[in-house]
Amino acid sequence: KKQMPTFSALVEKLREVNSSAAISIAETIQPLTKNGSVGMFDGQTSLKLSNAPFLCFNLKGLTDEFSKFVGIQAVLAWLWQKFAQAGGRNNPKNIAVDEAWMFLKYKGAAQYLETLARRGRKHGCALTIATQRFEEFAKEEEGRAVIESCATILVLKQEEHAVQAAVDYFHLSDGCIPIITPPAPSGQGILREGGNTTAIQIQPAPFEWSLLETQISG
């Protein structure tokens with residue numbers, strides 16, 4: 001396949017065109033070039049996606065709001081257009097989004113999450129959402145749309161101020177409150193699936209602890 005141009009190459013070509021419209025477009029794209037404020041996408045990837053069964057997009061390095069906005073929009077757009085829809089139902093896929101409440105700060109990103117939740121299954125793509133700030137997620141229209149599209153919901157221990165929001169939203173009984181209220185033991189939660197609600201205790205297998213434990217020993 002023909003190699004796609006970088007943003008720098010595109011800006012250079014636009015500036016060669018004797019047109020005010022082309023110059024205006026070039027100036028708009030300029031921040032995305034390697035010398036711009038969000039130039040992290042101005043380059044060719046050396047990764048062959050067909051050889052990568054697992055991809056992780058780490059947004060930790062995006063420190064200012066504008067960089068986060070551009071980075072999140074670019075990642076979610078790629079995930080929906082190039083990943084979720086690729087291969088259709090014959091190619092099962094899964095997208096996992098951690099700290100999803102942060103994505104709802106940006107309207108376009110929230111809409112992409114809603115699209116993935118509503119339409120991903122038609123293309124064989126599952127969506128897993130994890131958030132520690134349920135109240136922030138549920139107060140947004142797109143967040144509620146994502147929740148309502150989930151076939152399985154697991155409510156784990158909440159911060160004390162967020163417990164009532166989860167109880168009210170999911171119409172949980174009073175008996176569920178101690179299970180998700182500190183100092184409830186780790187691993188307890190409320191599982192909702194297929195219209196059924198039950199209390200569960202998650203116990204990792206011995207070989208899983210090295211992957212799950214976050215406490216530093218010794």
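Hi everyone, this is a quick walk through a few local features of a predicted model.

Let's start with a pair of helices. When two helices pack, we describe them by the angle between their axes and the distance between those axes. Here, helix H1, residues 7–16, packs against helix H2, residues 20–29, at an angle of about 155°, and their axes are 8 Å apart. Anything over 145 degrees counts as roughly antiparallel, so that's what H1 and H2 are. Their crossing is left-handed. And who's touching whom? On the H1 side you'll find Phe-7, Leu-10, Val-11, Leu-14 and Arg-15, and they meet H2 residues including Ile-23, Ala-26 and Glu-27. By class, this contact has nine nonpolar residues, two charged ones and no polar ones.

Okay, next stop: Ser-149. You'll find Ser-149 in the loop between helix H6 and strand E3. Is Ser-149 buried or exposed? Buried, because its relative accessibility is 18% and the cut-off is under 20%. Its side chain reaches the backbone oxygen of Ala-145 at 2.9 Å. Further off in sequence, beyond four places, Ser-149 is in contact with Ala-117, Arg-118 and Arg-121.

Glu-99 isn't a glycine, but has a positive phi of about 50°. Glu-99 sits in the loop between strand E1 and helix H4, and is partly exposed at 24%. His-171 isn't a glycine either, and its phi is positive too, about 55°. This one is in the loop between H7 and H8, and it's exposed, at 69%.

Last one: Pro-182 and Pro-183 are joined by a cis peptide bond, with omega about 5°. Pro-183 belongs to the loop between helix H8 and strand E4.

Key
Residues numbered from 1 in each chain as written. Predicted model: local features only at pLDDT ≥ 70, side-chain atom pairs only at ≥ 80, totals over all residues. Heavy atoms only, no water. Helix = DSSP H or I, 4+ residues; strand = E, 2+ residues; numbered from the N terminus. Buried < 20%, exposed > 50% of the residue type's maximum accessible area, 1.4 Å probe, protein only. Polar contact = N/O pair within 3.5 Å; in protein donor to acceptor, adjacent residues only side chain to side chain. Contact = heavy atoms within 4.5 Å. Axes fitted to C-alpha atoms, helices over the stretch in contact; angles between N-to-C directions. Parallel < 35°, antiparallel > 145°, perpendicular 65-115°, else oblique. Left-handed = near helix turned anticlockwise from the far one by under 90°. Nonpolar A, V, L, I, M, F, W, Y, C, P; charged D, E, K, R; others polar.
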